[in-house]
Amino acid sequence: MKFTLVGTGSVKGCPVYGCDCPACIRAVMDPFLARRPASATLESDGEVILIDAGLTDIEERFPPGSLKHIMLTHYHMDHIVGLFSLRWGSGLRISVTGPDTSDAPAELLKHSGILDFSRTVSPFAPFTVNGVRVTPVPLSHSRPTMGYAFHRNGRTLAYLTDTLGLPVETLHFFAGNPVNVMIIDCSYAPDMTDAPGAHNSLNDVLELHQRIQPSRTILTHIGHELDNWMNTNPLPKDIEAGHDGLVITL
Ligand SMILES: [Zn+2]
Ligand SMILES: [Zn+2]
Ligand SMILES: [Zn+2]
């Protein structure tokens with residue numbers, strides 16, 4: 001099972017349009033440092049699943065027929081905006097699995113085109129896709145949001161964005177299901193006292209890392225303030241920043 005972080009940016013991404021902070025200037029000069037909307041791919045048994053659809057160039061990245069399944073964490077625009085153009089494809093069918101669609105934009109459901117929203121996921125109700133067992137786990141965000149624990153070869157990778165902390169039932173689940181690799185929302189630097197809620201800062205991630213104790217914690221949904229902070233401060237042991245294109249094999 002190959003898991004790739006396609007995008008690791010916060011809702012603003014990096015570079016932020018018009019921003020002249022050091023992180024954004026560096027990302028303009030070196031596209032390798034840019035952060036696209038938080039998203040990932042899961043490849044197994046010769047199939048690819050896209051996790052979240054905030055990219056606006058899905059059609060260019062995935063040739064027709066190569067993408068049959070998208071999993072969504074929630075229906076904020078930075079996780080679904082790419083669906084609005086993708087839906088007008090022709091002769092294709094793409095299954096879109098995610099939380100209850102009552103929270104999805106009515107426009108997207110009314111004119112769903114090639115997208116099939118008929119399958120939704122329920123908390124802690126596991127399912128298998130392309131040979132990978134998946135457990136949806138509720139997150140703590142400003143609207144209903146699901147993280148996913150992927151189990152393969154006796155190991156577990158947890159993809160947890162967007163969230164601020166974790167609900168107690170999700171912490172209980174991980175107490176009984178050890179996590180090897182945790183990929184988690186870390187939008188804010190630890191010194192951002194005025195950060196809006198619903199996303200982790202590095203301090204929040206540290207608490208979760210100590211509680212869940214994965215062997216590897218990888219940050220995603222990273223804002224440019226955190227990039228600037230990381231430019232002059234080392235990350236704690238066993239915690240690393242994700243970057244667009246990072247591959248994890250399980
Ligand atoms: Zn987001
Ligand atoms: Zn900036
Ligand atoms: Zn969100």
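Mentor: Let us begin with contacts: two residues are in contact if their C-beta atoms, placed from the backbone, lie within 7 Å. Bear in mind that this is a predicted model, in which local features need pLDDT of at least 70 and side-chain atom pairs count only at pLDDT 80 or more, while totals for chains, interfaces and linings use all residues. Residues are numbered from 1 along each chain as its sequence is written, and chains are lettered from A and ligands numbered from 1 in the order in which they are written.

Trainee: With which residues is Ala53 in contact, leaving aside its neighbours within four places in sequence?

Mentor: Ala53 then touches Ser39, Ile58, Ile70, Leu72, His79, Ile80, Gly82 and Leu83. Ala53 also belongs to the largest nonpolar core, which has 52 residues, and is one of those that touch the most other members, together with Ala158, Tyr159 and Ile184. Such a core is a set of buried Ala, Val, Leu, Ile, Met, Phe, Trp, Tyr and Cys residues joined through C-beta atoms within 7 Å, and a residue is buried if 20 or more other C-beta atoms lie within 10 Å of its own, exposed if 12 or fewer, and partly exposed in between.

Trainee: Which residues of helix 1 are buried, and why do they line one face of the helix?

Mentor: An α-helix has 3.6 residues a turn, so residues three or four places apart point the same way. In helix 1, the buried residues are Ala23, Cys24 and Ala27. Seen down the axis of helix 1, these fall within an arc of 95°, taken from the directions from the axis to the C-beta atoms, so they line one face. Helix 8 is among the elements that cover them, and in helix 8 (residues 224-232) His224, Glu225, Leu226 and Asp227 are buried. Helices here are DSSP runs of H or I with at least four residues, strands are runs of E with at least two, and both are numbered from the N terminus.

Trainee: How should I read the sheet with the order 7-8-9-10-11-12-13?

Mentor: Strands of a sheet pair through backbone hydrogen bonds, either parallel or antiparallel, and two strands count as paired if DSSP finds at least two bridges between them. This open sheet of seven strands has mixed pairing. Strand 7 (127-129) and strand 13 (239-241) stand at the edges with a single partner strand each, so one side of each is left without a neighbour in the sheet.
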